[in-house]
Amino acid sequence: MRAAQVSKLEGPEAIEVVEIPEPAGYEGGVVIDVHAAGVAFPDVLMTRGLYQMKPQLPFVVGGEVAGVVREAPEGAQVRAGDRVLALTMLGNAIAEVAVAPAPMVFRLPDNISLEAGAGILFNDLTVHFCLRNRGRLAEGETVLVHGAAGGIGTSTLRMAAALGAGRVIAVVSTPEKAEVARANGASDVVLTEGWLAAVKELTSGRGVDIVLDPVGGDRFTDSLRSLAPAGRLLVVGFTAGEIPTVKVNRLLLNNVEVVGAAWGEWVMRNPGYLAEQWAEVEPLLASGKIAPPEPVLFPLERAADAVASLDNRTATGKVVVTLR
C-alpha cells in the first residue's frame, strides 16, 4: 500500500510517500480501507521528534481516518462495508489501509462525506472535551477562541453554540482568516493586533467566560486579562512555539482559572469516555445542529505540504489528505 512515512526527524518536508506492506490486523482491531486522513498539529511535532510520544522510525503520519470497513471483530459496533471515522491516535493514518481499535471506530452519519469525516474526531472531540469537561460551559456564556481560522479554532466556532454558548468571539491574524471565521459561525471577529481592547469593547468591559487557546505565546497574559470574573482560560496547545508562564496573583484578582485541556491524555486514562463524547456529538452532526467541517484537501502525493501548512500557519480550517 501507499503511505506517508517519516524516516528521519527533519520536519514535514521529510515526509515521503512510499510503498510499504499493509498493516497486520490484531485482536480487537478494525481494518479500514482509508479514503481520507486528518492532519493535526501533533503531526508537525512528531516529524521533528518534539512530541511527548515518539514512535520508532520509520513511522506513518497521522492519527485519524475516514473510510470503509474491510473487516471487523465479532462484537464490534461496526461491520464490513460501513462508512466509518476512526482514531489511530498517533501514527498509522495517512495510508491506504489502517487498523484501529474497535472502541475508537464509529459509523459516519450519512449526511457527512468521507473527506469531512476525516476532519471530525481529533478536533471536534478536543473542543467538546474543552468546553464540556474542562471549561464547564454554561448556557449563554461567551467563548473566545484564538487561532480561530485553524483546525481547533474552526471546530470551536462550529460547535460552541450547539453546546450552549451564547456568543463566540474569534481572534484571527488577517482579514482573510476573518472571513474563514465568519463562515464557520463566529458571532464576532477581531484581529490579533489590539484584540484585547476590541474584546473589552464588544463585552462592554465585562470580558469573556471562556478563552480556548491552542496558540499560547505572548498573548497569554492578555487572555487572562480578557476573562470575566470566574472565567476559565483553557490551555490546549502552543502552536506559537513559546510556552507561557502564569503569575498566580492574576488568578486571585478576578477569581479566574487556568485549566489544562489534554484530550488525548484524558481518553487514554478514561476508557469509555470517547464513546460518551460520540454519543453526544454524533446526533448533533447528523441533525445538522453542528455543521461538518469543510476541510482543505491535499492528495496523498502532497502529504508533506499538508503537514507543512500547519507548521507555517498557512492552513485555514481542518487539513485532510485524500487517499481514494
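Helices (H or I, at least four residues) and strands (E, at least two) are DSSP runs, numbered from the N terminus. The model shown is predicted: local features need pLDDT of at least 70, side-chain atom pairs count only at pLDDT 80 or more, and totals for chains, interfaces and linings use all residues. Residues are numbered from 1 along each chain as its sequence is written, and side-chain values use heavy atoms, with hydrogens and water left out.

**View 1. The largest cavity and its lining.** Rolling a probe the size of a water molecule over the atoms shows where empty space is left. A cavity is a set of points, on a 1 Å grid over the protein atoms alone, where a 1.4 Å probe fits but cannot get out; lining residues have an atom within 4 Å of a point. Grid points are joined across faces, edges and corners, and a volume is the space filled by probe spheres set on the points. One cavity of 30 Å³ or more is found in a search of the whole structure, and the largest cavity holds about 70 Å³ of space. Its lining is made up of G38, V39, A40, P42, D43, M46, G62, G63, E64, M89, L90 and F122. Two or more lining residues come from each of β3 and α1, and α1 gives the most, with three residues. The lining has seven nonpolar, three polar and two charged residues. In this count Ala, Val, Leu, Ile, Met, Phe, Trp, Tyr, Cys and Pro are nonpolar, Asp, Glu, Lys and Arg charged, and the others, Gly among them, polar.

View 2. A86 is buried because its relative accessibility is 0%; buried means under 20% relative accessible area, exposed over 50%, and partly exposed in between (1.4 Å probe, protein chains only). Leaving aside neighbours within four places in sequence, A86 is in contact with I32, G63, E64, V65, A100, M104, V105 and L121, where contact means heavy atoms within 4.5 Å. F122 is 36 residues from A86 in sequence, and the C-alpha atoms of the two are 9.3 Å apart.

**View 3. Packing of helix α3 (residues 121-134) against helix α4 (residues 151-159).** The angle between these helices is about 60 degrees and their axes are 9 Å apart. Axes are lines fitted to C-alpha atoms, for helices over the stretch in contact, and angles run from 0 to 180 degrees between N-to-C directions. From α3, N123, D124, T126, V127 and H128 meet G151, I152, S155, T156, R158 and M159 of α4. By class, this contact has three nonpolar, six polar and two charged residues.

**View 4. Helix α11 (residues 303-311) and its cover.** The buried residues in α11 are A303, A304, A306, V307, S309 and L310. Their cover includes β1 (2-6), β3 (29-39), α1 (41-46), β15 (296-299) and β16 (319-322). After α11 comes R313, with a positive phi near 65 degrees.

View 5. R136 is partly exposed, with a relative accessible area of 44%. A230 counts as partly exposed at 41% relative accessibility.

Conventions
On a 1 Å grid over the protein atoms alone, a cavity is a set of points where a 1.4 Å probe fits but cannot get out, and a pocket is an open set with protein on both sides within 12 Å along at least five of seven lines; lining residues have an atom within 4 Å of a point.
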